[in-house]
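Subject: Structure handover

Hello,

Here is the structure, followed by notes on what turned up in it. Please read the notes with the coordinates open.

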Amino acid sequence: MYKYDEYDQQMVDARVAEFADQVKRRLAGEITEDQFKPLRLMNGLYLQLHAYMLRVAVPYGTLDSRQMRMLAHIARKYDRDYGHFTTRQNIQYNWIKLEDAPAILADLASVEMHAIQTSGNCIRNISSDQWAGAAADELTDPRPWAELLRQWSSFHPEFSYLPRKFKIAVIAAEEDRAAMRLHDIGIQIVEKDGVHGAAFYVGGGMGRTPMIAPLIKDFVPLDDLLSYTEACLRVYNRYGRRDNIYKARIKILIHELGADEYRRQVEEEFAHVKSLGVDPPKAEFDRIAAQFAMPPLDASASDEIDRSDPDFAVWVDQNVAAHKVPGHAIVNISLKPLGGIPGDANSAQIDLMADLAERYSHDELRVTHAQNIVLPHVRKADLLAIWQALDAADLATPNLDLISDIIACPGLDYCSLANARSIPVAQKIAQRFADPARQRDLGELKLKISGCINACGHHHAGHIGILGVDRKGTENYQLLLGGSGAEDVSLGTITGPGFDEDGIVDAIERVTDKYLSERTDGERFVDTYRRVGMAPFKEAIYG
Amino acid sequence: MVEHLQADGEEPCVTLDAFLEQSNATAVRLESDEDARALIPHLDRLSLIEVAFPKFRDGRGYSSARILREAGYTGELRAQGDVLVDQIAYMKRCGFDSFAPEKDLNPADVEAALSRWPEHYQGAADGAVPIWKLRHG
């Protein structure tokens, strides 16, 4: 994986010094909260309901054991011993003191990490496929492009005061594990006539106006990738709406202009930008790509797995995925134990995952947008030992992509924007479907919960989505069906009137019962929904 | 490091509309929602372009500045309005060489902000050599 050179380190160190100075001026009263706010936001520091929240970037979700251990250290030393892995492959800490923030950033910088641009109206952390570099189905490793974009977008002088935040995802497989088309820019590395290029999807997003990004350019030569991105951003910076925060994302601009007119403007800008020398030479790409080289895996390793322990066998079937090298596998560690908080891990668990990565996964871990952790390069012969260690730490829940593998935002328990709690609803649903055999029978079922219309819990993209709203002072939950954040991307549809906290759990059970009675062989929940439509489900829910 | 300060008695800036309509003015003010490219045919007779920042969050002026510099404008390019010390380094990278903040800035803070970043990841309008070029000579 990518290692900083002296330039990268110096950038991060300068940022630590800058932010320490800004915090000092804020604590001394030299700048107002209004002036401080955009500065702290560009360092990932939010003011939440009870305390400051710090969001730490995990670029494209990749980290090593040393970095993972630092995340545990921060949880122990500065927070309440846990952290929350997010849908943008980052981690956030919920109980941070402003005066500690500079020291935390300095600790992070010591392991080549930072919180740069994890909030604010700038280009956010670049996200990617959590199985990048390991997946059996990928065209190439997308992360070198994500790293190039990370460097290009860091402290970008023109694009640090955009109309609104800006999220970019890069993938290189047909199976979309990064919700690519629900990003402001989704880039897919594709192949045409034996040459790799980039398909640009621009103007997707969730929030209160969810949109699937249209294809703006089907094949951008990779030598032009940064200048094409710069052109996309410049058109947005100049013409994105600034009169209304709710209409300021690029999806609204593209919706109002139309994809064709936006494309025309980008092409015109690109013709100019390309002359500026924005794109680094191939030597720079090669320098970065070399650091993402596949670790030395033994392709003659045994493909045999001893499945004599039935619990282990269940976990292997559910949480282990195919690796591109024979004898190896990708381990998905669920952070969704029964009754737990989706995406949370305590410092001991984080340390344990770091240890396992160091010992069994060539020192690499990934954070997934579904708020789980991945060990990407594991020998099949080591799976049993890994499972035993995970099981002892309550990290072996065999529920990847099942109904209890829930994405949930922090909700009203933490977030100052939320209208309703997400976490207790997630916990009640997991309890209702606690029987592992029942979950497996339901099959792949992506359930996503947001505690407000901003959709941090991706409810629009859930096979089943839940949106918490405030209805005359009481928490109320709307139910959506039929969304997807994957390659079959779609937006969910609201079933009808909402429910209270227990009512929503009952409603979901009626929906899943209906699915079981309607499904044909091999159909996932979302397939059945697409085939039969909303009406039978509505009938089952509301009578 | 602030190369120009707003001098008393300099020629006042005219609006973009006024400038385009007639005018032998040599100083023009560009509001944040106005198209910098409208000035491109006239750059050789301009000695001052003032770009408005009505709010520091309104980042359109950064693109305006780069567009003007990329088109070859070499005169004074001034950021006027809600210009704060923490934005100045980015403004300078985008081509501004003069600043007219509504509220006075502490010169020591300005100096610190402008000297904080030894290198930059990306090229902009300030002629700085991007890090990728430093890496490969």
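In this predicted model, chain A holds an open sheet of five strands in the order β3-β14-β15-β12-β11, with antiparallel pairing. Its edges are β3 (62-64) and β11 (320-322) of chain A; each has a single partner strand, so one side of each is left without a neighbour in the sheet. From one strand to the next, the twist averages 30°.

Within this sheet, β12 (residues 328-333) and β15 (residues 373-379) of chain A pair in the antiparallel sense over five bridges. One of the residue pairs there is A:His328 with A:Arg379, its bridge partner in β15(A).

Two helices lie across strands of the sheet. Helix α12 (residues 383-392) of chain A lies across β11, β12 and β15 of chain A and runs at about 10° to β12(A). Helix α3(A) lies across β3 and β14 (364-367) of chain A, at about 90° to β3(A).

Five strands make up an open sheet in the order β16-β17-β18-β19-β20, and the pairing is mixed. Here the edge strands are β16 (407-408) and β20 (493-494) of chain A, each of which pairs on one side only.

Strand β17(A) pairs with β16(A) in the parallel sense over two bridges, and A:Lys448 in β17(A) is the bridge partner of A:Ile407. Strand β17 (residues 447-450) also pairs with β18 (residues 464-471) of chain A, again in the parallel sense, over four bridges. On that side A:Leu447 stands opposite A:Ile464, and A:Ile449 stands opposite A:Ile466. Which way do the side chains of β17(A) point? A:Leu447 and A:Ile449 point one way, A:Lys448 and A:Ser450 point the other way, and all are buried.

On domains: chain A is divided into domain 1 (6-109), domain 2 (127-290), domain 3 (312-392) and domain 4 (407-542). Domains 2 and 3 of chain A have C-alpha centres 30 Å apart. Their contact takes nine residues from domain 2 of chain A and 12 residues from domain 3 of chain A. On the domain 2 side, the touching residues divide into six nonpolar, three polar and no charged.

A:Gly133 sits in the loop between β6 (127-128) and α5 (143-153) of chain A. Why is A:Gly133 classed as buried? It has 24 C-beta neighbours inside 10 Å, and the cut-off for a buried residue is 20 or more. Leaving out residues up to four places away in sequence, A:Gly133 touches A:Asp141, A:Arg143, A:Phe292, A:Met294 and A:Pro376. A:Asp5 is 128 residues from A:Gly133 in sequence, and the two are 22 Å apart in space, C-alpha to C-alpha.

Two helices of chain A were examined for their buried residues. In α4 (residues 101-109) these are A:Ala101, A:Ile104, A:Leu105, A:Leu108 and A:Ala109. They cover an arc of only 140° around the axis, which puts them on the same side of α4(A). An α-helix has 3.6 residues a turn, so residues three or four places apart point the same way. The buried residues of α4(A) pack against α1 (6-27), β1 (45-47), β2 (52-56), α3 (65-78) and β5 (91-96) of chain A.

In helix α2 (residues 33-41) of chain A, the buried residues are A:Phe36, A:Leu39 and A:Arg40. Seen down the axis of α2(A), they fall within an arc of 95°, so they line one face of the helix. What covers them includes α1 and β1 of chain A, together with α3 of chain B.

That leads to the contact between the chains. It involves 26 residues of chain B and 33 residues of chain A. On the chain B side, α2 (60-70), α3 (85-93) and α5 (131-136) each supply at least two of the touching residues. The chain B side divides into 11 nonpolar, five polar and 10 charged residues.

Regards

Methods: Residues are numbered from 1 along each chain as its sequence is written. Chains are lettered from A and ligands numbered from 1 in the order in which they are written. This is a predicted model: local features need pLDDT of at least 70, side-chain atom pairs count only at pLDDT 80 or more; totals for chains, interfaces and linings use all residues. Domain bounds come from an automatic or database domain assignment. Two residues are in contact if their C-beta atoms, placed from the backbone, lie within 7 Å. Ala, Val, Leu, Ile, Met, Phe, Trp, Tyr, Cys and Pro count as nonpolar, Asp, Glu, Lys and Arg as charged, and the others, Gly among them, as polar. A residue is buried if 20 or more other C-beta atoms lie within 10 Å of its own, exposed if 12 or fewer, and partly exposed in between; C-beta atoms are placed from the backbone. The arc is that of the directions from the helix axis to the C-beta atoms. Two strands pair if DSSP finds at least two bridges between them. Axes are lines fitted to C-alpha atoms, for helices over the stretch in contact, and angles run from 0 to 180 degrees between N-to-C directions.
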